[in-house]
Amino acid sequence: MTEDKRQIKRQLRLEMRSKRRQIHSKHGTEYAQAIRTNFIQALNIMPQTIFGAYYPIGAEVNCRPLMDTLHAMGHTIALPIVVEKEEPLIYRMYKSGDQLEKGPFGTPEPVDFMPELVPDVMILPVMGFSAKGYRLGYGTGFFDRTVKKFRMEKPIKVIAVAYSGQEIEDFPVEQHDARCDMVITELGVTKARRRR
(Lines give C-alpha, C1' and ligand atoms only; values in the text may rest on other atoms or scores of the structure.)
Protein backbone atom coordinates (compact mmCIF):
# COMPACT_ATOMS: atom_id res chain seq x y z
CA MET A 1 0.00 0.00 0.00
CA THR A 2 2.83 2.38 0.86
CA GLU A 3 4.43 1.79 -2.54
CA ASP A 4 1.07 2.51 -4.21
CA LYS A 5 0.91 5.83 -2.34
CA ARG A 6 4.45 6.70 -3.41
CA GLN A 7 3.66 5.91 -7.04
CA ILE A 8 0.59 8.17 -6.94
CA LYS A 9 2.68 10.95 -5.42
CA ARG A 10 5.42 10.50 -8.03
CA GLN A 11 2.85 10.91 -10.79
CA LEU A 12 1.32 13.95 -9.11
CA ARG A 13 4.74 15.56 -8.83
CA LEU A 14 5.24 15.28 -12.59
CA GLU A 15 1.83 16.83 -13.26
CA MET A 16 2.20 19.58 -10.69
CA ARG A 17 5.73 20.48 -11.76
CA SER A 18 4.39 21.29 -15.23
CA LYS A 19 1.37 23.15 -13.86
CA ARG A 20 3.49 25.20 -11.45
CA ARG A 21 5.90 26.14 -14.24
CA GLN A 22 3.02 27.43 -16.39
CA ILE A 23 1.57 29.52 -13.55
CA HIS A 24 4.99 30.85 -12.63
CA SER A 25 5.85 31.92 -16.17
CA LYS A 26 2.57 33.83 -16.57
CA HIS A 27 2.00 35.27 -13.12
CA GLY A 28 5.07 34.62 -10.94
CA THR A 29 6.03 38.23 -10.21
CA GLU A 30 2.47 39.43 -9.65
CA TYR A 31 1.54 36.47 -7.42
CA ALA A 32 4.73 36.73 -5.35
CA GLN A 33 3.76 40.29 -4.39
CA ALA A 34 0.22 39.18 -3.49
CA ILE A 35 1.57 36.28 -1.42
CA ARG A 36 3.87 38.67 0.44
CA THR A 37 0.92 40.96 1.26
CA ASN A 38 -1.29 38.06 2.35
CA PHE A 39 1.49 36.59 4.48
CA ILE A 40 2.10 39.81 6.42
CA GLN A 41 -1.63 40.35 6.94
CA ALA A 42 -2.31 36.76 8.01
CA LEU A 43 0.24 36.48 10.80
CA ASN A 44 0.27 38.14 14.17
CA ILE A 45 4.06 38.33 14.08
CA MET A 46 5.89 38.65 17.36
CA PRO A 47 8.88 41.06 17.41
CA GLN A 48 12.24 39.61 16.35
CA THR A 49 10.82 36.39 14.96
CA ILE A 50 13.21 33.98 13.23
CA PHE A 51 11.85 32.98 9.82
CA GLY A 52 13.28 29.89 8.17
CA ALA A 53 12.65 30.67 4.51
CA TYR A 54 14.13 29.27 1.29
CA TYR A 55 16.00 30.77 -1.63
CA PRO A 56 13.74 30.11 -4.64
CA ILE A 57 14.92 28.13 -7.63
CA GLY A 58 13.08 27.24 -10.83
CA ALA A 59 9.35 27.83 -10.63
CA GLU A 60 9.13 27.99 -6.83
CA VAL A 61 7.22 30.95 -5.44
CA ASN A 62 9.69 33.81 -5.23
CA CYS A 63 9.77 34.53 -1.50
CA ARG A 64 12.68 36.98 -1.74
CA PRO A 65 10.34 40.04 -1.60
CA LEU A 66 8.76 38.51 1.50
CA MET A 67 12.17 37.89 3.08
CA ASP A 68 13.22 41.48 2.37
CA THR A 69 10.01 42.83 3.93
CA LEU A 70 10.35 40.65 7.04
CA HIS A 71 13.99 41.70 7.43
CA ALA A 72 13.03 45.38 7.08
CA MET A 73 10.46 44.81 9.87
CA GLY A 74 13.27 43.74 12.19
CA HIS A 75 12.93 39.98 11.89
CA THR A 76 15.72 37.48 11.28
CA ILE A 77 15.88 35.32 8.16
CA ALA A 78 17.57 31.94 7.94
CA LEU A 79 18.00 29.59 4.97
CA PRO A 80 18.25 25.78 4.96
CA ILE A 81 21.42 23.78 4.43
CA VAL A 82 21.64 20.13 3.45
CA VAL A 83 23.95 18.32 5.88
CA GLU A 84 23.47 14.66 4.95
CA LYS A 85 21.05 12.83 2.65
CA GLU A 86 18.84 11.31 5.36
CA GLU A 87 19.31 14.01 8.00
CA PRO A 88 17.23 17.09 8.90
CA LEU A 89 18.29 20.40 7.44
CA ILE A 90 20.01 23.06 9.49
CA TYR A 91 19.29 26.79 9.09
CA ARG A 92 21.82 29.61 8.98
CA MET A 93 21.25 33.35 9.16
CA TYR A 94 20.83 35.22 5.88
CA LYS A 95 20.06 38.71 4.67
CA SER A 96 19.78 40.05 1.14
CA GLY A 97 23.21 40.45 -0.45
CA ASP A 98 24.96 37.89 1.77
CA GLN A 99 27.34 35.46 0.14
CA LEU A 100 25.72 32.16 -0.83
CA GLU A 101 27.22 28.92 -2.07
CA LYS A 102 25.64 26.12 -4.08
CA GLY A 103 24.42 23.15 -2.03
CA PRO A 104 24.26 19.48 -3.06
CA PHE A 105 20.95 19.96 -4.90
CA GLY A 106 21.94 23.23 -6.54
CA THR A 107 20.12 25.37 -3.97
CA PRO A 108 21.87 28.52 -2.73
CA GLU A 109 22.95 28.15 0.91
CA PRO A 110 24.51 30.54 3.44
CA VAL A 111 28.24 30.05 4.01
CA ASP A 112 29.22 27.94 7.00
CA PHE A 113 30.47 30.81 9.20
CA MET A 114 26.94 32.27 9.46
CA PRO A 115 25.18 31.53 12.79
CA GLU A 116 22.98 28.43 12.98
CA LEU A 117 19.41 29.18 14.08
CA VAL A 118 16.19 27.31 14.88
CA PRO A 119 13.29 29.11 13.17
CA ASP A 120 10.10 30.20 14.92
CA VAL A 121 8.29 30.08 11.58
CA MET A 122 9.20 27.83 8.65
CA ILE A 123 8.24 28.96 5.14
CA LEU A 124 8.16 26.02 2.73
CA PRO A 125 7.86 25.65 -1.05
CA VAL A 126 5.52 23.00 -2.47
CA MET A 127 4.76 21.05 -5.61
CA GLY A 128 1.13 20.85 -4.44
CA PHE A 129 -0.96 21.16 -1.31
CA SER A 130 -4.28 20.08 0.16
CA ALA A 131 -6.80 22.05 2.21
CA LYS A 132 -5.97 19.72 5.11
CA GLY A 133 -2.53 21.31 5.33
CA TYR A 134 -0.45 18.58 3.74
CA ARG A 135 2.16 19.52 1.16
CA LEU A 136 3.32 17.51 -1.80
CA GLY A 137 7.05 18.11 -1.72
CA TYR A 138 9.94 16.91 -3.81
CA GLY A 139 10.07 13.41 -2.37
CA THR A 140 13.38 13.78 -0.52
CA GLY A 141 11.83 14.15 2.95
CA PHE A 142 14.20 16.92 4.04
CA PHE A 143 11.50 19.35 5.15
CA ASP A 144 9.43 16.61 6.82
CA ARG A 145 12.40 15.47 8.91
CA THR A 146 13.29 19.06 9.76
CA VAL A 147 9.77 20.02 10.84
CA LYS A 148 9.62 16.92 13.06
CA LYS A 149 12.98 17.76 14.66
CA PHE A 150 12.18 21.44 15.29
CA ARG A 151 8.72 20.65 16.68
CA MET A 152 10.40 18.50 19.32
CA GLU A 153 12.63 21.44 20.29
CA LYS A 154 10.05 24.25 20.49
CA PRO A 155 6.63 25.34 19.20
CA ILE A 156 7.03 26.42 15.59
CA LYS A 157 4.60 27.51 12.91
CA VAL A 158 4.89 25.84 9.49
CA ILE A 159 3.58 27.78 6.50
CA ALA A 160 3.61 26.73 2.86
CA VAL A 161 3.59 29.38 0.16
CA ALA A 162 2.10 28.36 -3.17
CA TYR A 163 0.06 29.40 -6.16
CA SER A 164 -3.65 28.67 -5.71
CA GLY A 165 -3.52 26.54 -8.86
CA GLN A 166 -1.27 24.08 -7.00
CA GLU A 167 -4.08 22.94 -4.73
CA ILE A 168 -4.89 19.25 -5.04
CA GLU A 169 -8.25 18.03 -3.77
CA ASP A 170 -6.64 15.02 -2.10
CA PHE A 171 -3.53 12.89 -2.28
CA PRO A 172 -2.05 10.04 -0.22
CA VAL A 173 -0.44 11.01 3.06
CA GLU A 174 2.22 8.87 4.70
CA GLN A 175 3.09 8.70 8.38
CA HIS A 176 6.22 10.82 7.99
CA ASP A 177 4.48 13.66 6.10
CA ALA A 178 4.57 16.86 8.16
CA ARG A 179 1.43 18.96 8.27
CA CYS A 180 1.48 22.72 7.69
CA ASP A 181 -0.44 25.13 9.89
CA MET A 182 -1.52 27.12 6.87
CA VAL A 183 -0.95 27.61 3.15
CA ILE A 184 -0.71 31.15 1.77
CA THR A 185 -1.43 31.80 -1.89
CA GLU A 186 -2.09 34.87 -4.02
CA LEU A 187 -5.79 34.48 -3.17
CA GLY A 188 -5.40 34.37 0.60
CA VAL A 189 -4.89 31.92 3.44
CA THR A 190 -5.93 28.30 3.78
CA LYS A 191 -5.77 27.21 7.40
CA ALA A 192 -5.28 23.49 7.83
CA ARG A 193 -8.51 21.59 8.38
CA ARG A 194 -8.82 18.81 10.95
CA ARG A 195 -6.46 15.88 10.77
CA ARG A 196 -7.35 12.73 8.91
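The largest pocket has a volume of about 730 Å³, where a pocket, on a 1 Å grid over the protein atoms alone, is an open set of points at which a 1.4 Å probe fits, with protein on both sides within 12 Å along at least five of seven lines, and where a volume is the space filled by probe spheres set on the points, which are joined across faces, edges and corners. The structure is a predicted model, in which local features need pLDDT of at least 70 and side-chain atom pairs count only at pLDDT 80 or more, while totals for chains, interfaces and linings use all residues. Residues are numbered from 1 along each chain as its sequence is written, and side-chain values use heavy atoms, with hydrogens and water left out.

The lining of this pocket comprises 31 residues, of which Tyr138, Gly139, Thr140, Gly141 and Phe142 lie nearest its centre; a lining residue has an atom within 4 Å of a point. At least two lining residues each are supplied by α1 (2-42), β2 (76-81), β5 (108-110), β9 (135-136) and α3 (142-153), helices (H or I, at least four residues) and strands (E, at least two) being DSSP runs numbered from the N terminus. By class, the lining contains 14 nonpolar, six polar and eleven charged residues.

Eight salt bridges are present in the structure, each defined as a side-chain nitrogen of Lys or Arg within 4 Å of a carboxyl oxygen of Asp or Glu. In one of them, the side chains of glutamate 174 and arginine 6 meet at 3.0 Å, N to O. Because glutamate 174 lies in the loop between β10 (157-161) and β11 (182-185) and arginine 6 in helix α1, this pair ties together parts that are 168 residues apart in sequence. Glutamate 174 counts as buried at 10% relative accessibility, whereas arginine 6 is partly exposed at 39% (buried, under 20% relative accessible area; exposed, over 50%; partly exposed, in between; 1.4 Å probe, protein chains only).

A second pair is formed by arginine 145 and glutamate 86, whose closest N and O atoms are 3.6 Å apart. This pair likewise links distant parts of the chain, with arginine 145 in helix α3 and glutamate 86 in the loop between β2 and β3 (90-94), 59 residues apart. Arginine 145 is partly exposed, with a relative accessible area of 22%, and glutamate 86 is exposed at 54%. Through salt bridges that share partners, Arg6, Lys9, Glu174 and Asp177 are joined into one network.

Terms used
Ala, Val, Leu, Ile, Met, Phe, Trp, Tyr, Cys and Pro count as nonpolar, Asp, Glu, Lys and Arg as charged, and the others, Gly among them, as polar.
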